[in-house]
Structures are given as C-alpha cells and as structure tokens.
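Please read this briefing with the structure open beside you, and look up each part in turn.

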Amino acid sequence: MAKVVIDGVDVEFEAGEKIIDVASKVNNHIPRYCYHEGLSIVAQCRMCLVEVEGQRKLVTACSTPCTDGMKVSTKSEKVKKAVSGVQEFLLVNHPLDCPICDQAGECSLQEYSYKHGQEDARTDFFRRTYIDVDMGPSIKKNMNRCIHCTRCIRYCDEVGQIHEMIAQQRGNDTEIVTIDGNPLQTAYAGGLADVCPVGSLTTKDFRFKKRVWYLRSKDTICDGCSQGCNISASFESNLIYRLEPRKNMDINKWWMCDEGRYGFHHVHSPSRVLGPLIKTSDSFESRLWGDLIPSVSALVQQAKNISVVVAADATLEEVAILKTHFSSANFYSYSPSVEKTSEDKAVDHLIRRKDKSPNLKGLEESGLRPFSELKSGSDLLIFFNAGKVRVPYGLAKLAKNAIAIGVAMKEDLNGWNYVLPSLSTYEKSGTFVNHTGMKQKFAAAIAPVGLSRPLNKILEALTKSDRKVG
Amino acid sequence: MKKVFGEKFYQEMDRISQFYPNKRAMLLPALHAAQKERGWISDETMQDVADFLEIPKTQVKEVVTFYHMFHTKPVGKVNLQFCNNIACWLRGSEELIHHAEKKCNIRLGETTGDGVFTISEVECLGSCGTAPVCQVNDDYHENFSVEALDKLLEGRQS
C-alpha cells in the first residue's frame with residue numbers, strides 16, 4: 001500500500017485521501033477552520049498549511065492529496081511561522097469576548113490560539129462590529145466573532161440543500177447573512193452551531209445556559225424518529241442541557257435534525273409527572289410507591305382480560321419484561337405517526353423519517369400487533385411509554401381500568417386510574433431497532449428524575465410481598 | 001422562459017455563450033448587461049439573473065456585493081468613482097473625495113437629491129501610472145485634480 005511520511009511517521013493511505021485526514025490517523029491533528037469532513041473543501045482559511053518536501057510553497061493539507069513517498073512536515077519552522085501568522089490575522093477583528101461567549105471551552109479559535117498563536121497582539125485597529133441577529137427559530141448570529149470560514153454556507157448548501165446563507169461584501173466587510181435576512185428554512189439549522197468553529201452561530205436553546213466545561217456527555221441514541229441517529233447528551237447535575245450528533249457513517253453521518261436536537265425537553269418539563277398518582281373522585285393525588293403498589297397489584301390480579309399498549313419508544317428489553325410479566329395479555333404497539341413500519345418513509349433528502357418513534361421496528365419484531373387491532377372493553381389497559389411518544393388522548397376510556405406507566409405529562413392524565421412514573425430514554429439503557437433493522441444499544445446518560453423508577457422494579461414490586469419498589 | 005430583460009440582453013448572452021463552459025460562468029457578463037439595461041441591480045434583478053442562469057439567487061447576491069462596480073442602489077447620471085487604493089491615495093485621492101463631498105453636499109456612497117451626481121469609492125482601477133484616477137461612468141479621468149473636478153461638477157450641473 002502507498003505510504004506517506006508525516007513528521008517522520010510512515011502512514012498508509014488510499015488514493016485521493018488528503019494529508020489532513022491521513023495525519024489524523026496517527027493522531028497528528030492539523031489545525032483547521034474551513035475544513036470539515038462532511039463538507040466540500042475550499043482551502044480558504046489557510047490554517048492547515050504544511051510543508052511538502054520538494055515544493056517551494058507551503059500547501060494546504062485539507063486540499064492536497066497524498067502521493068506515494070511524499071514527505072510532509074507539519075511542525076517545521078516555516079509551517080509554525082505561517083500558521084501563527086494566519087492565527088494572528090484571524091484575531092485582528094475578533095472581539096476576544098471569551099468570558100461571555102458560549103463557544104468558550106470548545107472553540108477552535110481558542111484552542112489554536114493557545115497552541116499556535118502569539119503571546120501578545122501587535123494590532124490595535126478598530127474592530128468591525130455588528131449587532132447580534134436572529135436567524136430563525138434555532139440560531140442566533142454574532143458576526144463580530146466570525147472568521148469567515150464559510151462552513152455555515154456550505155452546510156446550508158450541501159447538508160440542508162437550501163441555498164440560503166451567503167457571504168456578502170468582501171474582505172474586512174464580509175458578513176454572513178441569510179438571503180434577504182429571511183429566517184433559516186432548513187430543518188437542520190441547529191447543526192450550524194456544531195460546524196461553526198467559533199462562537200458566531202449558537203443555538204438559542206443552549207445559549208447562555210451553561211459553561212461547557214461543566215458539562216459531561218454520554219453517548220446515546222436519538223429517540224425522535226425511526227432513523228436512530230447517534231447522539232451524545234450533555235448534562236450537569238442530572239440535567240440535560242443539549243444533544244449533539246455523533247459521527248456514524250451508516251446512519252446519520254455527522255448530522256442530526258432540529259426536531260431531534262431540541263427533543264429532550266420533556267425530560268425536565270415542569271409538567272412531567274415525577275411521582276406515582278392515583279385517581280380520586282375529582283382529581284389526582286400523589287402517593288408514595290409503597291402505599292400505591294398494593295392497590296395496583298390487586299387491580300392487576302383481578303383483571304381477567306388485560307391489554308398492554310407499548311409505545312414505540314420502549315426498548316426491546318422493556319418489551320421482554322412486559323411480556324414475561326403479563327404473559328396472558330394482548331400486546332399492541334403504538335406510534336403516533338404511523339400504524340406499521342410499512343408506512344414509514346423518509347421525509348427529506350437526509351435523515352428525517354415519518355415514523356416519530358425510535359423502536360416500532362423492534363416492537364413489530366417482538367410480535368406486537370398494530371394499535372388499530374386494539375378493541376375496547378378489556379378489564380385493564382396498561383400503557384407504557386418513555387415520554388417521546390405522549391400518552392394518547394382518550395386511550396384510557398377503552399377499558400374499565402387503566403394504568404399508565406412511563407413518562408406522562410400532567411395535561412394527559414384524563415381517564416387513567418394510576419400513573420406510575422418510569423424513565424425516559426436518557427435515564428435508561430436498552431436497545432432500539434431502527435428502520436433498517438439495525439440494533440443499537442445505548443446506556444443511560446442521567447439518573448432517574450424524581451421518583452421515577454425503572455419498569456422492571458415497578459413490575460417486580462407488584463409481585464413481591466414487601467411491595468417495595470427498588 | 002418568460003423574457004424579463006430587453007431583447008439586447010438576450011442577444012448579448014447568445015453571442016457570448018460560446019465563450020463560456022456553462023451558464024453559471026456567464027454570471028459576471030450577465031450582471032453587466034443587466035446593470036447596463038436597468039442602471040442598477042435590485043433584488044428583483046438578482047432574482048431575474050439567477051433565473052436566467054439557473055443558479056441560486058444566493059450566488060448572484062454574493063457576486064453582486066463582492067464587486068464595487070455593481071450598484072445595489074440607484075446611482076446618479078454622473079457616477080464619480082474614485083480609486084482610493086495606495087497609488088491614488090498617495091497622490092491625493094482622499095482630498096478629491098472630500099472636495100467632491102463638500103461640493104455636492106453629500107457623503108461618500110450617496111446620490112444628490114436631483115439624481116445627477118453619485119460619489120463612490122472603488123478598488124484599484126489599474127491606472128496607477130496616471131494616479132489619481134476617477135472613473136466617471138465608463139470613462140477614466142486620469143491625473144485628476146481639484147480643478148478638473150470643479151470643472152466637471154459645474155459643467156454637468158448646468
């Protein structure tokens with residue numbers, strides 16, 4: 001196989017691979033602003049300059065393909081000088097407002113300034129200033145911090161496939177704007193905050209919520225639709241602050257949609273039911289688990305004819321637990337947007353799907369019948385969900401008694417006898433099957449919120465003599 | 001396609017299309033022709049050009065705002081375009097601009113109320129040997145001076 005020597009290290013490469021990617025195979029990170037794996041190459045930030053033996057001028061590592069035997073130096077004096085010069089120019093207009101910038105802590109400009117920049121500023125020019133601008137419901141723009149890498153423009157063109165961002169004017173006056181100042185149309189606008197290497201484009205949802213260095217993040221799977229995008233959830237003190245996409249070339253590549261990105265707010269919603277509830281004559285009352293379990297247990301034991309409706313945001317493991325526990329019951333799957341997976345389809349060119357539940361395929365494979373086959377009149381109806389699929393209105397009326405286990409909102413309680421809080425996707429581990437049949441395991445990001453308990457603990461308590469929910 | 005420009009525009013585009021590999025590459029000449037016909041390039045004109053070349057309007061707008069020779073606002077009958085790059089600047093272009101501003105009672109980039117004069121600053125006109133240079137509409141006024149400027153302003157005003 002063809003080899004290239006980068007800083008004295010032999011690296012194998014495939015034809016057409018660029019120096020910047022080949023170098024990262026051996027953990028040699030070449031600084032970059034305009035280059036992004038998922039976007040086209042423009043080589044305009046000049047940050048990735050490297051020296052190639054036998055070439056008089058420095059070349060950009062992002063646009064130069066490797067050739068066999070090529071000798072590349074990324075740390076020579078010539079390269080260091082050029083890169084630090086580029087860095088200095090980028091800071092001529094930058095406001096250096098890191099203390100109030102949301103990107104601080106995960107900012108390429110900060111990182112490379114530290115690594116490649118100069119100790120002090122030699123310029124004291126007037127810095128161009130703009131006011132912050134709204135770019136639709138998702139994104140806020142701070143033009144002062146922009147370094148004109150044009151990743152956002154290419155992101156809109158190539159990922160969102162709507163030509164709506166432009167760089168107008170030129171040179172020092174360059175300004176990134178949406179065409180005619182319109183709000184962004186793309187359903188992937190949140191990704192602009194991910195691709196922006198500086199703090200210019202930030203999501204309104206996360207803006208000013210948390211300094212990023214306090215956040216920890218765990219890998220999980222988006223439960224917003226049947227695509228099953230790989231994401232990570234950032235959290236602190238058991239509160240989720242944001243979701244970000246993780247690279248998975250088989251599913252979502254580098255991206256995720258806005259619907260998924262902001263689709264975690266039900267977890268910490270003030271209207272989420274966080275303790276067990278029992279229906280009284282005119283309203284609902286909170287009870288401790290121990291007080292409630294005997295009556296729930298009695299209700300379950302008396303019922304001759306049980307229907308279990310499993311929302312399609314339940315994991316495979318939970319379906320198995322329910323099936324073992326209610327072995328004589330009839331099981332139905334429920335997704336709010338489609339009846340069966342055969343109705344599921346892509347709704348755009350990229351990743352969004354019609355089925356707005358993550359595991360309908362898995363439920364079908366577990367042998368659950370479609371929701372339309374559910375008949376009214378059973379003694380007891382048990383509904384289980386994880387919050388992404390909401391408790392359906394009027395479902396409780398289809399049976400004499402009804403128990404909702406899962407993540408319920410206070411406004412959805414009408415008709416249920418008992419509401420037993422369980423976990424949302426981010427609080428539990430399990431397996432989802434996406435629309436292509438790919439099984440994806442994920443682990444819990446945060447601990448259970450409030451008095452919510454895992455499904456297996458709740459069901460175990462129903463049969464245990466001490467009635468304790470572990 | 002509906003014809004939104006004059007016949008001349010389409011004739012010109014037909015003539016030059018053989019020199020360009022694709023329609024997108026004809027953006028600059030198309031903008032020139034459109035500006036010649038309409039005097040300036042409005043948002044609608046950008047859309048018309050984009051439709052004609054079958055490219056997104058965003059690309060047209062980027063090019064229009066990039067080049068100073070495209071006017072995004074209506075300009076006066078006499079458009080004084082002062083070069084203010086290094087050679088002209090060293091030879092006193094700044095002074096000429098201030099003089100014109102005072103004389104016409106407008107600021108750089110503005111047009112007089114009667115729509116006769118516009119003063120603008122442009123990038124290098126490539127005539128450094130005869131600096132300072134002012135391009136009045138399509139004509140170069142080389143070795144420009146305050147006297148020549150006065151003459152020009154008075155001559156046109158009457």
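In this predicted model, the buried residues of helix 8 of chain A are covered by a set of elements that includes strand 16, helix 9 (360–365), strand 19, strand 22 (430–433) and helix 10 (455–463) of chain A.

**Helix 8 of chain A**

- The buried residues in helix 8 of chain A are A:E318, A:V319 and A:L322, and because they cover an arc of only 105° around the axis, they are on the same side of helix 8 of chain A.

- Which residue of strand 21 of chain A is the bridge partner of A:I403? The partner is A:Y418.

**Chain A as a whole**

- Chain A has 10 helices and 23 strands, and its C-alpha atoms fill a box of roughly 85 × 50 × 40 Å, taken along the principal axes.
- Of the 470 residues in chain A, 45% are buried.
- When contacts in chain A between residues at least 6 apart in sequence are considered, 61% of them join residues at least 24 apart.

**Domains of chain A**

- The domain assignment divides chain A into domain 1 (3–90), domain 2 (98–105 + 125–261) and domain 3 (277–463).
- The C-alpha centres of domain 2 and domain 3 of chain A lie 34 Å apart, and 22 residues of domain 2 of chain A are in contact with 29 residues of domain 3 of chain A.
- On the side of domain 2 of chain A that touches domain 3 of chain A, the elements giving two or more residues are strand 11 (216–221) and strand 12 (230–236) of chain A, and strand 11 of chain A gives the most, with three residues.
- The residues on that side of domain 2 of chain A divide into 12 nonpolar, eight polar and two charged.

**Chain B and its contact with chain A**

- In chain B, the domain assignment gives domain 1 (7–66) and domain 2 (78–157), and their centres, taken over C-alpha atoms, are separated by 28 Å.
- Nine residues from chain A and eight residues from chain B take part in the contact, and the side of chain A that touches chain B has three nonpolar, three polar and three charged residues.

**Backbone details in loops**

- A cis peptide bond, with omega of about -5°, joins B:A131 and B:P132, and B:P132 is found in the loop between strand 2 (117–122) and strand 3 (134–136) of chain B.
- A:D7, in the loop between strand 1 (3–6) and strand 2 (9–12) of chain A, has a positive phi near 50° although the residue is not a glycine.
- A:D7 counts as partly exposed because it has 15 C-beta neighbours inside 10 Å.
- A:K253 also has a positive phi, near 50°, in a residue other than glycine, and its place is in the loop between strand 13 (239–245) and helix 6 (258–261) of chain A.
- A:K253 is partly exposed, with 17 other C-beta atoms within 10 Å.

Definitions and conventions. Residues are numbered from 1 along each chain as its sequence is written. Chains are lettered from A and ligands numbered from 1 in the order in which they are written. This is a predicted model: local features need pLDDT of at least 70, side-chain atom pairs count only at pLDDT 80 or more; totals for chains, interfaces and linings use all residues. Domain bounds come from an automatic or database domain assignment. Two residues are in contact if their C-beta atoms, placed from the backbone, lie within 7 Å. Ala, Val, Leu, Ile, Met, Phe, Trp, Tyr, Cys and Pro count as nonpolar, Asp, Glu, Lys and Arg as charged, and the others, Gly among them, as polar. Two strands pair if DSSP finds at least two bridges between them. Helices (H or I, at least four residues) and strands (E, at least two) are DSSP runs, numbered from the N terminus. A residue is buried if 20 or more other C-beta atoms lie within 10 Å of its own, exposed if 12 or fewer, and partly exposed in between; C-beta atoms are placed from the backbone. The arc is that of the directions from the helix axis to the C-beta atoms.
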